[in-house]
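Thanks, everyone. Please bring up the sequence and the model on your screens. I will keep this short.

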Amino acid sequence: MGAISIPAKVTIGQRFGDVSAITKRNLLKLLRTPQLLAFSTIQPIMFVLLFRYVFGGAIHVQRFPYVDYLIPGIFVQTTLFGGASTSVGMSEDIKGGIIDRFRSLPMSRSAVLMGRTMSDLIRGVFVLVLMLAVGLLVGFRFHGSILGNVAGLVFVLWFGYVFSWVFAAIGMVVKDPETAQIAGILPLFPFMFASSAFVPIGTMPGWLQAFAKVQPVSLTVNATRALLQGLPSFHYLWQALAWSLGVLIVAIWASVRQFKKA
């Protein structure tokens, strides 16, 4: 079946309506897949309990309790690992033929990608609120200003949104849901664990420190931690923003390019 050509001009209202419809569709699909939602919440809770009560006694940090050091890293980890579901969702849509149906409709094609990433952002808000409650229960406390605390949480969501575009591109490249799940998760491990999320970078070997200090996860965790703890944050914040903007530009370009081939 030949695809119906999209109108030359799509108004902002039409584009917003298309994005809203796709976002709603993805959120309803998530609610009808409770095991996926459960994994998004249980896995980070297990990490909190593991590092807080099993490894926490052996890890020492300066300036504040380890739990205040740990939870900002958990926030970033949660948004990243949760965003990996984007790659699975996109590959399922391609394999199931829904992308072909969308392409045959007189709708904004960018709405498919925007709706996918926006639904993941909304899910990320829910999971972040849950992890904040868990963090408070295990002893985490804010020490920054109200503005700094809000900025830190928003920055975590921004970082997760940026990488949802990366996962969208991965899902369209591999096209198979099982492969997409592995392809979305595996690259996160070296970035997440070779970072300042769980342990101070100074405890790592020198060659690993060189990587950990400049990679985007460490910079984002450091910026978030500084904002939530009332510490100077500009040094880490501008570098993390530069990384995230660069990644977002490349990821959007790759996602759009791959979507046209899908």
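Start with helix α12, residues 234–261. This is a predicted model.

Now its buried side. Which residues of α12 are buried? They are Q239, A240, S244, V247, L248, A251, S255, Q258 and F259.

Let's move to α6. This helix covers residues 110–137, and D120 lies in it. Is D120 buried or exposed? Its relative accessibility is 10%, so D120 counts as buried; the cut-off for buried is under 20%. Which residues does D120 touch, leaving aside neighbours within four places in sequence? S85, T86 and S164. D120 and L27 are 93 residues apart in sequence. In space, their C-alpha atoms are 8.3 Å apart.

Last stop: Q209. This residue sits in helix α10, residues 206–212. Its relative accessible area is 17%, so Q209 is buried too. Again set aside neighbours within four places in sequence. Q209 is then in contact with I201, G202 and M204.

That's the tour. Over to you for comments.

Technical notes
Residues numbered from 1 in each chain as written. Predicted model: local features only at pLDDT ≥ 70, side-chain atom pairs only at ≥ 80, totals over all residues. Heavy atoms only, no water. Helix = DSSP H or I, 4+ residues; strand = E, 2+ residues; numbered from the N terminus. Buried < 20%, exposed > 50% of the residue type's maximum accessible area, 1.4 Å probe, protein only. Contact = heavy atoms within 4.5 Å. Expected span 1.5 Å × (residues − 1).
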